[in-house]
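These are my notebook entries on one structure. I set down what I looked up, entry by entry.

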Amino acid sequence: MAGKQRGKLGKWLDKKGIKQEWLVKETKLARSTVSDICSGRRIPTTPTLKKLMGALRKVDRNAKVDDFFDI
């Protein structure tokens with residue numbers, strides 16, 4: 001993964017040893033959407049954010065939106 005641009009969410013996934021593919025399966029979001037969000041290239045819409053947080057809270061039930069996004 002060297003050289004890959006990572007936003008807060010991507011860095012968190014890396015630290016936890018979680019693959020983006022897991023997030024794709026859990027959220028049923030497009031792989032490109034998850035990739036863009038994990039790299040910090042895209043800010044998620046509200047429905048996407050709800051899906052992401054639902055999945056992330058399976059790993060860390062105390063996860064908060066502002067842990068991952070400056071919204």
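Leaving aside its neighbours within four places in sequence, which residues is Thr-48 in contact with? I found Leu-29 and Ile-37, where contact means heavy atoms within 4.5 Å.

Entry on the model. I note that this is a predicted model, in which local features need pLDDT of at least 70 and side-chain atom pairs count only at pLDDT 80 or more, while totals for chains, interfaces and linings use all residues. Residues are numbered from 1 along each chain as its sequence is written, and side-chain values use heavy atoms, with hydrogens and water left out.

Entry on Thr-48. I placed Thr-48 in helix H4; helices (H or I, at least four residues) and strands (E, at least two) are DSSP runs, numbered from the N terminus. Thr-48 counts as buried because its relative accessibility is 14%. For this term I used under 20% relative accessible area as buried, over 50% as exposed and in between as partly exposed, with a 1.4 Å probe and protein chains only.

Entry on H1 and H4. I looked up how helix H1 (residues 8–16) packs with helix H4 (residues 46–59), and found an angle of about 25 degrees with the axes 12 Å apart. H1 is therefore roughly parallel to H4. Axes are lines fitted to C-alpha atoms, for helices over the stretch in contact, and angles run from 0 to 180 degrees between N-to-C directions. Angles under 35 degrees count as roughly parallel, over 145 as roughly antiparallel, 65 to 115 as roughly perpendicular, and the rest as oblique. From H1, Leu-9, Trp-12, Leu-13 and Lys-16 meet Leu-52, Leu-56 and Val-59 of H4. By class, I recorded six nonpolar, no polar and one charged residues in the contact of H1 with H4. Ala, Val, Leu, Ile, Met, Phe, Trp, Tyr, Cys and Pro count as nonpolar, Asp, Glu, Lys and Arg as charged, and the others, Gly among them, as polar.

Entry on H2 and H4. The axes of helix H2 (residues 20–27) and H4 come within 9 Å and cross at roughly 120 degrees, which means that H2 is oblique to H4. H2 contributes Trp-22, Leu-23, Glu-26 and Thr-27 to the contact, and H4 contributes Lys-51, Leu-52, Ala-55, Leu-56, Lys-58 and Val-59. I recorded six nonpolar, one polar and three charged residues there by class.

Entry on Trp-22. I found Trp-22 in helix H2, and it is partly exposed because its relative accessible area is 25%. Not counting residues up to four places away in sequence, Trp-22 touches Ala-55 and Val-59.

Entry on the core. The largest nonpolar core has 18 residues, and those with the most contacts inside it are Leu-9, Leu-13, Leu-23, Leu-56 and Phe-68. Such a core is a set of buried Ala, Val, Leu, Ile, Met, Phe, Trp, Tyr and Cys residues joined through side-chain atoms within 4.5 Å. H1, H2, helix H3 (31–39) and H4 are the elements that give two or more residues to this core, and H4 supplies its largest share, five residues. Not counting residues up to four places away in sequence, Phe-68 touches Lys-8, Leu-9, Trp-12, Met-53, Leu-56 and Ala-63.

Entry on Lys-28. I noted a positive phi of about 60 degrees at Lys-28, although it is not a glycine. Most residues other than glycine have a negative phi. Lys-28 lies in the loop between H2 and H3 and counts as exposed because its relative accessibility is 71%.
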